[in-house]
Amino acid sequence: GGVILASDFVQIADKDAIKLHANMDTPEINFDIHTYVFIENGEIFIFEMRTLDVSGESEREFKNMISTFEILK
């Protein structure tokens, strides 16, 4: 089963976004899901990372990558 651990409205990459953190626990594996959802100009952009890393390093790298998100015209 899965559970949402946290959800919040955040500002990242100079845009409003929804940030979700969930955990999935199955008989085979336990992992975290980190998601950022942007709604810009009538389009939805979803970035998701699934990780086994409990150190937080993968999450930091993912957040750094998301912080560079821009929409080219």
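Guide: This is a predicted model. One place to begin is the surface, where Ile 39, Ile 44 and Ile 46 make a nonpolar patch of about 330 Å².

Visitor: What makes Ile 39 count as exposed?

Guide: The relative accessibility of Ile 39 is 55%. Exposed means over 50%, so Ile 39 is called exposed. Ile 39 is found in strand 3.

Visitor: Which strand order does the sheet have, and what is the sense of its pairing?

Guide: The four strands run in the order 1-2-3-4, the pairing is antiparallel, and the sheet is open.

Visitor: Why are strand 1 and strand 4 said to stand at the edges?

Guide: Strand 1 (2-12) and strand 4 (43-51) each have a single partner strand, so each is left with one side that has no neighbour in the sheet. From one strand to the next, the twist averages 15°.

Visitor: Which strands does helix 1 touch?

Guide: Helix 1 (residues 57-66) packs on the sheet and touches strand 1, strand 2, strand 3 (30-40) and strand 4. The direction of helix 1 makes about 160° with that of strand 4.

Visitor: How many salt bridges does a search of the whole structure find?

Guide: The search finds two.

Visitor: What makes the contact of Glu 48 with Arg 50 a salt bridge?

Guide: The closest N and O atoms of Glu 48 and Arg 50 are 2.9 Å apart. The cut-off is 4 Å, so the pair is called a salt bridge.

Visitor: Why is Arg 50 called exposed, and what is Glu 48 called?

Guide: Arg 50 has 58% relative accessibility, and exposed means over 50%, so Arg 50 counts as exposed. Glu 48, with a relative accessible area of 40%, is partly exposed, because that term covers values between under 20% and over 50%.

Visitor: What makes Arg 60 and Glu 57 a salt bridge?

Guide: Their closest N and O atoms are 3.1 Å apart, and the limit is 4 Å, so Arg 60 and Glu 57 qualify. Both residues lie in helix 1, three residues apart, about one turn of the helix. Arg 60 is partly exposed at 46% relative accessibility, and Glu 57 is partly exposed at 36%.

How values were computed. Residues numbered from 1 in each chain as written. Predicted model: local features only at pLDDT ≥ 70, side-chain atom pairs only at ≥ 80, totals over all residues. Heavy atoms only, no water. Pairing = 2+ DSSP bridges. Helix = DSSP H or I, 4+ residues; strand = E, 2+ residues; numbered from the N terminus. Axes fitted to C-alpha atoms, helices over the stretch in contact; angles between N-to-C directions. Contact = heavy atoms within 4.5 Å. Salt bridge = Lys/Arg side-chain N within 4 Å of Asp/Glu carboxyl O. Buried < 20%, exposed > 50% of the residue type's maximum accessible area, 1.4 Å probe, protein only. Patch = residues over 30% accessible without salt bridge, like charges linked within 9 Å, V, L, I, M, F, W, Y side chains within 5 Å. Areas by Shrake-Rupley, 256 points an atom, 1.4 Å probe, with all protein chains shown as cover.
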